Every structure is written in C-alpha cells, then in structure tokens.
Amino acid sequence: MTSIYLHRDDLQTIQQFLDSFPDAQQVEVTVDTSSGIGAIIDATIHGVEINGQRVQVSKNIVDETSW
C-alpha cells in the first residue's frame, strides 16, 4: 500500500479545481515519487466539455517549487 500526505491547502486547491467544472463529479489524483525528494501531485478531470469537445483537464497541485 502506498500513502501520500496532503496539506490542507492542497486539498482546498483540488476542491477549487473540481468546483471550476460544475458538471464534473470526480477527480483523478496522481502522485509521482520517482524523484526521491518529494511527491509531484496532479489532479485531472476527465470528460470535460469545452467548446463542444470532450477533453481532460489537468492541474498541478504540488511540484518541485514547493520543496
């Protein structure tokens, strides 16, 4: 089992991202720990309709700048 720790601010950022797409019901959170220093966390919403196209939208939640 793999665990990640999310700061309250990270959770709020994910919630705000999800709230920006009112039709979205879920968000995928991915974590890359391959750097050995810290975790890179991204959030993706699938199936968002923008300009008549179904797309996925991603947002970086945590990256190297916060280490």
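Student: How many helices and strands does the protein have?
Tutor: This is a predicted model, and the protein in it has 1 helix and 3 strands.

Student: What box do the C-alpha atoms fill?
Tutor: Taken along the principal axes, the box is roughly 40 × 25 × 20 Å.

Student: What percentage of the residues count as buried?
Tutor: The figure is 22% of the 67 residues.

Student: How do the lining residues divide into nonpolar, polar and charged?
Tutor: The lining of the largest pocket has 7 nonpolar, 5 polar and 4 charged residues.

Student: Switching to the surface. Which residues make the nonpolar patch?
Tutor: Ile-4, Leu-6, Leu-11, Val-29 and Val-31 make a nonpolar surface patch of about 350 Å².

Student: Where is Ile-4 placed?
Tutor: Ile-4 is in the segment before α1, the helix that covers residues 8-19.

Student: Why does Ile-4 count as partly exposed?
Tutor: Because its relative accessibility is 37%, and partly exposed covers the range between the 20% limit for buried and the 50% limit for exposed.

Student: Salt bridges: how many does a search of the whole structure find?
Tutor: The search finds 1 salt bridge. Arg-54 forms it with Glu-49, and the closest N and O atoms are 3.8 Å apart.

Student: Are Arg-54 and Glu-49 buried or exposed?
Tutor: Both Arg-54 and Glu-49 are exposed.

Student: What about the backbone? Which residue other than glycine has a positive phi?
Tutor: Asn-51 is one of that kind, with phi near 55°. For context, a negative phi is what most residues other than glycine have.

Student: Where does Asn-51 sit?
Tutor: Asn-51 is in the loop between β2 and β3, the latter being residues 53-62.

Student: And is Asn-51 buried or exposed?
Tutor: Asn-51 is exposed, because its relative accessible area is 77% and the cut-off for exposed is over 50%.

Definitions and conventions
Residues numbered from 1 in each chain as written. Predicted model: local features only at pLDDT ≥ 70, side-chain atom pairs only at ≥ 80, totals over all residues. Heavy atoms only, no water. Nonpolar A, V, L, I, M, F, W, Y, C, P; charged D, E, K, R; others polar. Patch = residues over 30% accessible without salt bridge, like charges linked within 9 Å, V, L, I, M, F, W, Y side chains within 5 Å. Areas by Shrake-Rupley, 256 points an atom, 1.4 Å probe, with all protein chains shown as cover. Salt bridge = Lys/Arg side-chain N within 4 Å of Asp/Glu carboxyl O. Helix = DSSP H or I, 4+ residues; strand = E, 2+ residues; numbered from the N terminus. Buried < 20%, exposed > 50% of the residue type's maximum accessible area, 1.4 Å probe, protein only.
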